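Below are some notes for a colleague who is new to this structure. Please read them beside the model.

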Amino acid sequence: MMSDIKRFMRPELNKFAGYAACKSPEALDEETRRMGILKLDANENVYGPSPRVKAAFASFEDYHIYPDSCQTELRKALAGYTGVAAEHIVAGSGSDQLIDLLVRLFVNPGDEVLSFTPTFAMYKFFTELAGGKFVAVPRDENYNVVLDGLPRALTPKTKLIFIAMPNNPTGTQVPVEVVMKLIETGLPVVVDEAYYEFTGQTLADALDLFPNLMILRTFSKWAGLAGLRVGYGLFPHAVAERLDALKDPYCVNSAAVVAARESLKDVDYLMHKVNLIVGERDRLFDALTQIDYLKPYPSSANFILCKVTGKIALDIQLKLERRGILVRYFNSPQMENSLRFSIGRPQDTDRLITELQRIGEI
Ligand SMILES: Cc1ncc(COP(=O)(O)O)c(C=O)c1O
């Protein structure tokens, strides 16, 4: 007898919409691809990884061996980079995976996870996947965190607070004093420093002082390794030890380990590229202010969010896509009619601005 497989599925996931991921270049038609795709939609690093990564791959021979489940070499290298002892560090398949593991560690079905919206969608994604409730504390009209609403938003069910420093998709930096106020609640606080290298602002030094503070980082942005999926976190020892037990043993694959190791041997090279991106961010910001239908928001990361006025953001996104330029479109209650542009090389800025000007003339 045929059985309806759906009735065996968790019914609470029926409405789970998933994450609207960026379009991959492979999904575009031939004609658009021929134009040369400029991917400015996912805050990747257009400069790519350190050349040391490719060189190390060329001589890598251990594909048939599982990676070290204890992440010994990686944690040691990260300890050198962060100044935080290896037993406080856990790496994951992107920092996305660490967000997932943290939610699994702290959140029971019905528990609440709080963050300041608009923010990185994966906090809500993993909370809801775990049967938790995502509680959104709205930012102000310039996307700054306001804590006035915090006391009302906190309940006995609040188990975890996420704050992105700086925030994605808005680029807004959060003052350390604001994060301190969150830490003072005594609740577990995750400071997501995915864009740390673009700002230099970190709470890593405060880790020893606050047993409820956790920090997430990634190699996706500054080190150009988004495709290899490697992120890490700096945690109180008790959390690191539990995450280590929860993670699947080989969650960071061998190629990612090699690439992270080589990146950490080439920090000067990578930081030079980061500095180019930061310089280009200022140039793009100025150029965007000259486009009369865009209102850019100041950013501390490797992208700029713009509100679109007098035009339809989705139309602009599609027009850019037809010219081979991929950008991120948002249209949600706090981010109506908006576009986000990742920062590229100078020639990428020029190409984007030329197209935006053309669209302005239509
Ligand atoms: C704030 C923030 N945290 C985490 C991530 C996830 O990074 P990863 O590629 O390491 O999973 C991103 C990626 O865009 C991000 O913007």
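1. Buried means under 20% relative accessible area, exposed over 50%, and partly exposed in between (1.4 Å probe, protein chains only). This is a predicted model, in which local features need pLDDT of at least 70, side-chain atom pairs count only at pLDDT 80 or more, and totals for chains, interfaces and linings use all residues. Residues are numbered from 1 along each chain as its sequence is written, and side-chain values use heavy atoms, with hydrogens and water left out.

2. The chain is divided into domain 1 (22-48 + 268-361) and domain 2 (52-265); the bounds come from an automatic or database domain assignment. Their C-alpha centres lie 26 Å apart.

3. Between them, domain 1 and domain 2 bury about 1900 Å², 59% of it on carbon and sulfur atoms. Buried area here is the accessible area (1.4 Å probe) that two parts lose on being put together, summed over both. On the domain 1 side, L270, S300 and Q334 lose the most area to domain 2, together 29% of what that side buries.

4. A salt bridge is a side-chain nitrogen of Lys or Arg within 4 Å of a carboxyl oxygen of Asp or Glu. The whole structure has 21 salt bridges, but zero are counted between domain 1 and domain 2.

5. E262 is buried, at 6% relative accessibility, while R52 is partly exposed at 35%.
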